[in-house]
Amino acid sequence: MAMKEFQAESKRLLDLMINSIYTHKEIFLRELISNASDAIDKLYYRTLEDGATGLSREDFFIRLDVDKEARTLSITENGIGMTQEELDNNLGVIARSGSLQFKQEAEQKEDVDIIGQFGVGFYSAFMVSDQVTVDTRAFGADEAWHWESEGLAGYEITPGTKADRGTTITLHLKADTEDENYSEFLDQFRIQQLVKKYSDYIRYPIRMEVSHTHVKEGTGVDGKEPEYETHTEVETLNSMTPLWKKSRSEVSEEELNAFYKEKFYDWQDPLKVIRSSTEGAATYTALLFLPSHAPMDYYTREYEKGLQLYASGVLIMDKCADLLPDCFSFVKGLVDSQDLSLNISREMLQHDRQLKLIASRLEKKIASELQSMLNNDREKYEQFWKAFGLQLKYGMYDNYGAKKDELKDLVLFTSSAEKKLTTLKEYVSRMKPEQKYIYYGCGETVERILGLPQAEALQEKGYEMLCLMDNVDEFALRMLMKYDDKEFRNISADDLELESAEEKEKTQALAEENKDLLAFVKDALGDKVKDVRVSGKLKSHPVCITTDGMISTEMEKVINAMPAQEKIKAQRVLEINGEHPIFQRLQELYAKDKDRLKLYAEVLYDQALLIEGISLEDPSDFSQKLCQLL
Ligand code: ADP
């Protein structure tokens with residue numbers, strides 16, 4: 001077969017690798033060993049599924065071979081192997097999500113600092129080699145294949161000679177330079193050290209011929225010169241103990257972080273590692289991670305939640321969704337349980353009582369870890385909140401509020417007090433003695449919310465307000481209804497009960513006196529409003545829009561923005577400030593110029609909408625009317 005070109009995206013990644021000045025080039029070994037382990041896993045699955053392979057776990061291995069003269073390091077494994085087509089597809093094209101994501105990141109950032117943060121896969125071999133060959137024979141295949149590449153020029157696939165099943169990847173190491181010592185990857189101690197560092201938990205033996213030198217028996221004593229002899233033997237370099245099975249003291253934070261990044265395709269350290277083991281009704285070990293940022297697809301339909309599920313150390317499912325409630329869908333990690341059967345099918349898993357028990361334990365554990373992070377490391381929690389707070393708020397609302405009690409102490413809102421994030425508990429603790437409600441306003445920014453006409457009266461009283469800026473916020477609070485027996489009040493939707501009995505009386509009297517005027521204005525606005533009232537909650541502003549009934553203007557906006565939803569309309573009320581000079585003007589006009597009063601009514605209504613952040617149905621009409629008045 002003639003030389004073939006790498007696909008464009010692969011070329012870009014390859015180019016990065018070849019010209020990399022990244023200092024931790026050693027990670028290539030981790031990547032290739034990880035691929036080797038995957039290749040064995042694939043065949044081992046088949047063995048589990050139908051038993052037809054006739055193989056057992058003990059038959060599998062990974063082997064490292066060094067040839068110092070030829071300057072080659074090779075990684076051999078007896079896994080699934082590749083057919084000619086697979087070779088072409090898998091090694092000529094960037095396949096996996098991790099590599100793709102890497103590529104996208106690489107376009108935005110300095111190349112150097114991201115290489116080490118990513119699982120960069122097979123191509124990382126080109127950081128240290130000027131030629132890479134792959135010899136492979138797929139399981140059950142009659143023919144072997146040989147793949148070869150010296151980098152950007154392309155690759156070639158030819159019939160191969162590999163006699164047994166599996167794959168050997170051979171790296172021809174680059175020549176040493178002044179700055180780079182590639183020969184270290186031919187050194188047995190260095191390789192041993194790298195395997196320990198990055199691949200110790202790999203569950204198949206990683207073997208290598210290791211030489212030991214010792215003093216020859218009978219020499220070096222009784223005044224005889226010591227003579228040395230060397231013997232070699234094949235040793236297994238890794239402990240094969242999965243990371244999560246090791247005790248806490250045995251695993252460093254660095255190791256856990258590296259494990260997380262490699263396994264869950266992240267380029268940043270996790271925010272928090274959660275370890276949990278229990279025995280009893282459900283025996284399992286869980287190793288969970290809170291990512292420090294939301295994955296790119298997190299808030300889309302493409303995102304799949306789930307934990308890796310192992311039965312006694314063997315992976316049986318890559319993303320077991322049933323292990324995580326939706327409100328914690330951002331958690332990554334794995335669960336290993338000896339109570340599950342290796343051959344359990346997905347359908348059976350769904351109904352498995354053991355699994356349900358584990359899931360409910362994990363949910364409690366995650367909630368309590370979040371709570372303790374909130375209590376003890378506020379800064380970290382706020383970082384978490386920035387990434388996943390939205391999901392917790394959805395969680396309160398979702399499923400008719402099934403999780404609202406579990407989540408109500410974990411949610412944060414921006415408070416008008418110092419414009420900082422606050423929990424509901426903190427808000428309540430700061431409430432004024434006479435304050436009855438938890439007040440909130442909705443809008444796009446804190447400034448806009450604080451600028452609402454209705455906010456003024458609250459601030460005058462020194463009452464704090466929650467500023468709700470995400471669509472889901474008000475829905476979440478409504479689902480909760482109360483916190484600590486305090487009801488929530490939307491400053492533009494409800495009676496705020498800020499007035500004293502006296503003030504109330506005054507407002508009522510004013511309304512009574514001006515009954516006809518109010519009726520006229522309402523008439524002038526037609527079906528735009530449900531009512532027109534004299535307001536007790538306005539200070540310097542002339543008018544505001546409030547709503548009657550369950551649906552606030554914010555909810556109206558949110559629901560109407562959803563596709564395929566029936567449009568709804570909040571019941572709007574125009575409130576007019578009886579103390580404002582404009583009110584007198586309206587009274588005058590009512591007495592002598594009703595046409596002009598109608599114009600006033602329409603302009604005031606539109607103004608009130610604008611302040612509320614609702615777009616006008618007919619802006620040019622508004623502008624015309626304003627000009628008429630001016
Ligand atoms: P990833 O392993 O993340 O998918 P790589 O670039 O490392 O990305 O590898 C690309 C693909 O090549 C793998 O998905 C796999 O299908 C195939 N591959 C790599 N190494 C081996 C191997 N030793 N045996 C079989 N297939 C392999």
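**How helix 20 meets helix 21**

Helix 20 passes helix 21 in a left-handed crossing, meaning that the near helix is turned anticlockwise from the far one by less than a right angle. Helices here are DSSP runs (H or I, at least four residues), numbered from the N terminus. This is a predicted model, in which local features need pLDDT of at least 70, side-chain atom pairs count only at pLDDT 80 or more, and totals for chains, interfaces and linings use all residues. Residues are numbered from 1 along each chain as its sequence is written, and side-chain values use heavy atoms, leaving out hydrogens and water.

**Geometry of the pair**

- Helix 20 covers residues 594-612 and helix 21 covers residues 619-629; they pack at an angle of about 130 degrees, with axes 10 Å apart.
- That angle makes helix 20 oblique to helix 21, a label for whatever is not under 35 degrees (roughly parallel), over 145 (roughly antiparallel) or 65 to 115 (roughly perpendicular).
- Axes are lines fitted to C-alpha atoms, for helices over the stretch in contact, and angles run from 0 to 180 degrees between N-to-C directions.

**Residues that touch**

- From helix 20, Arg596, Leu599, Tyr600, Glu602, Val603, Asp606, Gln607 and Leu610 take part; their partners in helix 21 are Phe622, Lys625, Leu626, Gln628 and Leu629, with contact meaning heavy atoms within 4.5 Å.

**The whole chain**

- Along its principal axes, the C-alpha trace spans about 125 × 60 × 55 Å.
- Of the 630 residues, 50% are buried (under 20% relative accessible area, 1.4 Å probe, protein chains only).
- Among contacts with a separation of 6 or more, 69% join residues 24 or more positions apart.

Definitions and conventions. Helix = DSSP H or I, 4+ residues; strand = E, 2+ residues; numbered from the N terminus.
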